[in-house]
Amino acid sequence: MHALLDAFSADADFQSVAAGVRSGMREQIVSGLTGSSRQVMIAALEKELGRPFLIVTHNMFAAQKIHEDLVECLSEDRVLLYPSQELIAAEAAAASPEMLASRIDVLTKLAQGFTGIVITPFAGLRRLLPDRDVFADCRLQVKAGDELNLNEFLERMTELGYERVEQVERKGEMSVRGGIIDFFPLTFPLAVRIELFDVEVESIRTFDVTDQRSVDKMNAVTIPPCREILIDRKRFQNAAQHAYELLEAQLAKMTDRTAKEKLLEGIGHDIERLREGQHFPGIFKYMSLLYPQRQTLLDYVAKDTVLLIDEPARLLETARQLERDDAEWMTHSLQEGGSMPALVLSKTYESLLQRRPFPTLFLSLFLRQVPGAQPQNIVNFMCRAMQSFHGQMNVLKSEMERWKKSGAKVLVLAGGEERADRVRRVLADYHIAEPTILNGSLQSGFELPSVHLVVITEGEIFTQKQRKARKVDKKIENAERIKSYQELKVGDYVVHVNHGIGKYVGIGTLEVGGIHKDYLHILYAGGDKLSVPIEQIDLIQKYVGSDDKEPKVYKLGGATGTASKTKRAPRSKISPTI
């Protein structure tokens, strides 16, 4: 793909943007780039400037697509994706081990000085994180021949989030049997076994948890954490005391005795768990107390980072929606005794991006003003999206001839040698002059007339037109049909034909049977999450109520729209006056 990046770099507008970064311009607006051409420009900038980049986009779906293209253009070790659920409720209820592992991997690499490209949705940027120094020191290194104090080692492993069990079967677990220590890091494909001879590390091996048999021998192992929220005893105690003081202050303001009792019961139980040094599902609520510095990804990336804001108008709209959803969640949680107004859950758009700490590029398809921005350079690329030929080789032949006459350099992207050979055979069959065929893949092709560059993906040549999605026979009241996921915004209420009303919380990619597919995520009562393949969007309709009242969210698997009841924690031993 280096040939593609080099060809793009010849564009005068590209060189204008690169020169702006070199000269220290604080803000530039870049418009006109469609589809994958935007990612090609970013990859070419990284190659040209050798600077770290932080890309912030509006949701996870967009972040994943950017990540896929950049990995193709550069390499997997130069591009990191920091994932995040859009809604706080979804983050608490449905954070998967895979997502947690990805976040831990990104934070660990950044804390250790990673200088490539990091992509995150705005929901990931606004999350409060442990102090960067904590992640820089949160790994254990063990070498063959080292002396190991078993008690100290196990205590440190517990702080890193490993759960002690009889036999390791899942990621995040560890076990000790005599002089054998087993553990399974979230980011490792295989578990690890350390064998001791008295206090000396005799051997380190990977092993398969399915049959417990050793696989490969290792000379050393660096053990990463299994938690994103890393807390020592002192932080637990400080947070518990601070939460107690906030609880007393909040109770003093309240007059409703029932509400005060609920708050004392819920928060009081959390405080007890903090004092005992326990991790629990709602511990994210206390991040601002555990880590008063309230750092974010902006504090983790290198000082010479270039910030790229993808579609700033959409990102601002998403930020406002997320803040409204936060307020709604906080109000409900306060009523149920699960939170307090003084607890800070995330940072606002203004605190993160209003005063931009790095040189910033605003990327948007259409040239428009960015609120609060004072750009020193405005660049509008002349770029056209590539059409899909749907296997109509006569149309492709005609276009190829037109491009040849104009002197354009045509690059066809094919995923692997077999596919490249297939492209060559088909083009030869139709007597089409063979263009430059590169091993690679992008979401979409494009045409950049300024440098006579044409990029076509294999899918745009061969993919047949898809049949229209089947219509759903089942009629749903208070709902309207949608043709595309783009008609939905995070936080919209939707109706699934089989499961009823839920809240749309975004799009993500899941691996099922070794195949990565995009899914729509819907949150139901009780924190249950339904993942619907994007090609089954015909099963979902957008909820349209008859008034301004919000609908009652269904319980997944239930027959009616009954909201689930929150389980009440046992009465705390803490007893401020109420």
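A salt bridge is counted here when a side-chain nitrogen of Lys or Arg lies within 4 Å of a carboxyl oxygen of Asp or Glu. The model is predicted, so that local features need pLDDT of at least 70 and side-chain atom pairs count only at pLDDT 80 or more, whereas totals for chains, interfaces and linings use all residues. Residues are numbered from 1 along each chain as its sequence is written, and side-chain values use heavy atoms, with hydrogens and water left out.

**Salt bridges**

A search of the whole structure finds 31 salt bridges, and the table lists some of them.

| Pair | N to O distance |
|---|---|
| E155 and R233 | 3.3 Å |
| E272 and R275 | 3.9 Å |
| E317 and K489 | 3.7 Å |

In the pair of E155 and R233, distant parts of the chain are linked, since E155 belongs to helix α9 and R233 to helix α10 (residues 233–253), 78 residues apart; helices (H or I, at least four residues) and strands (E, at least two) are DSSP runs, numbered from the N terminus. E272 and R275, by contrast, both lie in helix α11 (residues 257–275), 3 residues apart, which is about one turn of the helix.

How far each side chain is covered is described by relative accessible area, where buried means under 20%, exposed over 50%, and partly exposed in between (1.4 Å probe, protein chains only). E272 counts as buried because its relative accessibility is 19%, while R275, at 33%, is partly exposed. E155 is partly exposed at 39%, and R233 is exposed at 64%.

**A negative patch**

E147, D198, E200 and E202 form a negative surface patch. Such a patch is made of residues with over 30% relative accessible area and no salt bridge, with like charges joined within 9 Å; Asp and Glu count as negative, and the place of a charge is taken as CG of Asp or CD of Glu. E147 lies in the loop between β5 (140–143) and α9 (150–159), and E147 is exposed, with a relative accessible area of 69%.

**The whole chain**

The protein has 18 helices and 26 strands, and buried residues make up 51% of its 578 residues. Among contacts (heavy atoms within 4.5 Å) with a separation of 6 or more, 71% are between residues 24 or more positions apart.

Technical notes:
Patches are made of residues with over 30% relative accessible area and no salt bridge: like charges are joined within 9 Å, nonpolar side chains (Val, Leu, Ile, Met, Phe, Trp, Tyr) within 5 Å. Accessible areas come from the Shrake-Rupley method with a 1.4 Å probe; for residues, only the protein chains shown count as cover.
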